[in-house]
Protein chains: 2
Amino acid sequence: MAGIDDVARHAGVSTATVSRALSGRGPVAAATRDRVAAAAAELGYVVSASASSLATGRTRNIGVVVPFLNRWFYTSVIEGAQRRLMQHGYDLTLYNLSGDDREREKVFDDHLLRQRVDAVIAVSLELTATEITALHTLGKPIVGVGGPIEGVRTLSIDDVAVTKLATEHLLSLGHTRIGHIGGDVDRELAFHLPTNRRLGYEAALRGAGLVPERELYFPAVFTMESGYTAAKQMLGTPRLRPTAIVAASDEMAIGAVLAARDMGLDVPGDLSVIGIDDHELAGFFGLSTVAQHPELQGERAVDVLMEQLHPPRLGTVSETNTALPFDLIVRSSTARPQGRVGGR
Amino acid sequence: MAGIDDVARHAGVSTATVSRALSGRGPVAAATRDRVAAAAAELGYVVSASASSLATGRTRNIGVVVPFLNRWFYTSVIEGAQRRLMQHGYDLTLYNLSGDDREREKVFDDHLLRQRVDAVIAVSLELTATEITALHTLGKPIVGVGGPIEGVRTLSIDDVAVTKLATEHLLSLGHTRIGHIGGDVDRELAFHLPTNRRLGYEAALRGAGLVPERELYFPAVFTMESGYTAAKQMLGTPRLRPTAIVAASDEMAIGAVLAARDMGLDVPGDLSVIGIDDHELAGFFGLSTVAQHPELQGERAVDVLMEQLHPPRLGTVSETNTALPFDLIVRSSTARPQGRVGGR
DNA sequence: TTGAAAGCGCTAACAT
DNA sequence: ATGTTAGCGCTTTCAA
């Protein structure tokens, strides 16, 4: 493995010049720069990350902490973050908290503090006070995605507004008996999320002059199976009979669609269903939904960090405070309610 | 951030002793070790990764290269690898090749060569000659998971045997017209995989004295939607009329189940379907399948690397050469064919 | 614009 | 068992 000295010798300059030429920091004559670049290329020289880090204190590596891996949202965020990081020449080190508590502790107390990362992105994390302290003693920039962390800048869609929009879509179609399958506050890591989504649902109903019925809310975990179970429950309870369901996630919504089918109900003829996410399977199931673009959230998180890591020259205006976009996507799982209400 | 000198002073020993005490390399009196540990804990000292790496040449970090992130198989492998790495105190740096070619090149020519990793795990990768060269100039251990790489030790289930088993399950139930939805060789990154799975399917048929019909093979990509389309095609073609389908992945199999339902066919009454994977959704859809335990493959890959990175003392026998396990899991999507064949 | 040289924080000979 | 010390490979003053 060629070192910086080899390149220096090869190009007939000092190591300092090689460093300057290759990193772009400090003045180098154009001709010299070319000579150095050529030498480096010829020798296949690549800077040693650890030596460079030790000397500069920067690692060109970002830590991404997620509670799980096997969920569409997280992998999408990671994918977006990774793509953007690569554009900046950064690596991404992944910390998955899905193990037991001891491992979780290890991540915060050891791994993240080893100074292997310049900053961290925390995805949908509900952190303990100790963990927040640990992150702060890191002294590095931190940005959250999808879950508010005490004292940490967080990117997140407006969960209330999103569910409100989904519910309003159903209302505008003429539905008045709308059920909600939401996250179970007691069982989710990010407890604010199911709460906010439920609030949006209720706000929309109230906005239409309706009173949210407690019985039309069914808690579930964010999986297809759980959505399926909840929907069966809801649809099977005689006095409830909703004509539409808004689920707090697409996976739950798909579960609801399948439950309706299994009960012989037509979607959207007998039941309209809308989810939230625009999950990769939403299109296949013809699911109407509100898209929340998680890859974009990952990219944005990186933008925020890069701005702190490499303060931009004056005049560059930050756009990272822009609210995160979400879009209603109407497919074939929602329609006007059948029968009496406004049929033609 | 406390440094090693602070700890040394605090514990009244030299930095060398601190290093030895904390790393476990080299002799240290028990009492001293405790004193050092206490001092380190009190000061919140954590070794600097870059300084340590520079001095030792080891990074305690493994690179994992995947072609995509948003697929159950990859995230499962990563999860398994991560869990095991954490047990060894290693970090995991993720390289995702799903970007454009320029980015892919950057990964191999820059990022992986920065000496940020001690070894790499390549998941389901079909590498170019240049990329293999790049990996080899790395001079670090490499292990592949799920796809053979020239000159690289690779962990992979026996794709032929797996599909053979799935097909034999159907044969044993009495099916004789069995269709196959497999990967499209031209469109997949890992072209050997669809080929091998198809071979296993054909071998099973031949083993039962049947002749594989070309028309009963339908190419697809590894998604639910593609499986759905292929199944509709197969089931809709009058002269084909299979009573069973073996799909090369669970997602495609689920697509086939849904296609059958949409055509008014009962599963397993009119059509049996079996997949391969034991995908997280397989249970929900009652899908019979052959499980391939990707998390385990990730763990095993780490085991192989650890053995090379930390050669075990004599007497420790490596078990990493054990064939990777796969298991037939019978759920409710497979049954004896209806009607004439052996019905009761 | 370039070079010389002093670290960055830790580890591992080597010496004791 | 512990301490002394010379690097690990690069970056960055400081001088020229």
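## Surfaces near the DNA

By class, the residues of the surface near DNA strand C comprise 13 nonpolar, 12 polar and one charged, where Ala, Val, Leu, Ile, Met, Phe, Trp, Tyr, Cys and Pro count as nonpolar, Asp, Glu, Lys and Arg as charged, and the others, Gly among them, as polar. This is a predicted model, in which local features need pLDDT of at least 70 and side-chain atom pairs count only at pLDDT 80 or more, while totals for chains, interfaces and linings use all residues. Residues are numbered from 1 along each chain as its sequence is written, and chains are lettered from A and ligands numbered from 1 in the order in which they are written. In total, 26 residues surround DNA strand C, the closest being A16(A), P27(A), I4(B), S19(B) and A55(B); a residue is near a strand if its C-beta atom, placed from the backbone, lies within 6 Å of it. At least two residues of this surface come from each of α2 and α4 of chain A and α2 and α4 of chain B, with α4(B) providing the largest share, five residues. Helices here are DSSP runs of H or I with at least four residues, strands are runs of E with at least two, and both are numbered from the N terminus.

DNA strand D is surrounded by 27 residues, of which the closest are I4(A), A16(A), S19(A), A16(B) and P27(B). The elements that give two or more residues to this surface are α2 (15–23) and α4 of chain A, together with α2 (15–23) and α4 of chain B. The surface near DNA strand D divides into 13 nonpolar, 12 polar and two charged residues.

## Helix α4 of chain A

Helix α4(A), residues 49–56, has A49(A), S50(A), S52(A) and S53(A) as its buried residues. Seen down the helix axis, these buried residues fall within an arc of 165°, so they line one face of α4(A); the arc is that of the directions from the helix axis to the C-beta atoms. A residue is buried if 20 or more other C-beta atoms lie within 10 Å of its own, exposed if 12 or fewer, and partly exposed in between.

What covers the buried residues of α4(A) includes α4 (49–56) of chain B. Just after α4(A), G57(A) adopts a positive phi of about 85°.

## Contact between chains A and B

The contact takes 41 residues from chain A and 41 residues from chain B, two residues being in contact if their C-beta atoms, placed from the backbone, lie within 7 Å. On the side of chain A that touches chain B, at least two residues are supplied by each of α4, α5 (72–87), β2 (91–96), α6 (101–109) and α10 (224–236) of chain A. Of these, α5(A) gives the most, with eight residues. By class, this side of chain A has 15 nonpolar, 16 polar and 10 charged residues.

## Sheets and packed helices

In chain B, six strands form an open sheet of mixed pairing in the order β7-β6-β8-β9-β10-β11, where two strands pair if DSSP finds at least two bridges between them. Its edge strands, β7 (217–220) and β11 (327–329) of chain B, each pair on one side only, and neighbouring strands are turned by 20° against each other on average, direction ignored. Strand β10(B), residues 288–291, runs antiparallel to β11(B) and is joined to it by three bridges; L328(B) in β11(B) is the bridge partner of V290(B). Helix α10(B), residues 224–236, packs on the sheet, touching β6, β7 and β8 of chain B, and its direction makes about 155° with that of β7(B). Axes are lines fitted to C-alpha atoms, for helices over the stretch in contact, and angles run from 0 to 180 degrees between N-to-C directions.

In chain A, β9 (272–277) and β10 (288–291) run parallel and are joined by four bridges, with V290(A) in β10(A) as the bridge partner of I276(A). β10(A) also pairs with β11(A), residues 327–329, in the antiparallel sense over three bridges, and there the partner of A291(A) is D327(A).

## Backbone features in loops

The peptide bond from V267(A) to P268(A) is cis, with omega near 10°, and P268(A) lies in the loop between α11 (250–262) and β9 of chain A. In chain B, the bond from V267(B) to P268(B) is cis, with omega near 10°.

Q115(A), although not a glycine, has a positive phi of about 65°; this residue is in the loop between α6 and β3 (119–123) of chain A and counts as buried, with 22 C-beta neighbours inside 10 Å. R241(A), likewise not a glycine, has a positive phi of about 45° and is placed in the loop between α10 and β8 (244–247) of chain A. With 13 C-beta neighbours inside 10 Å, R241(A) counts as partly exposed.
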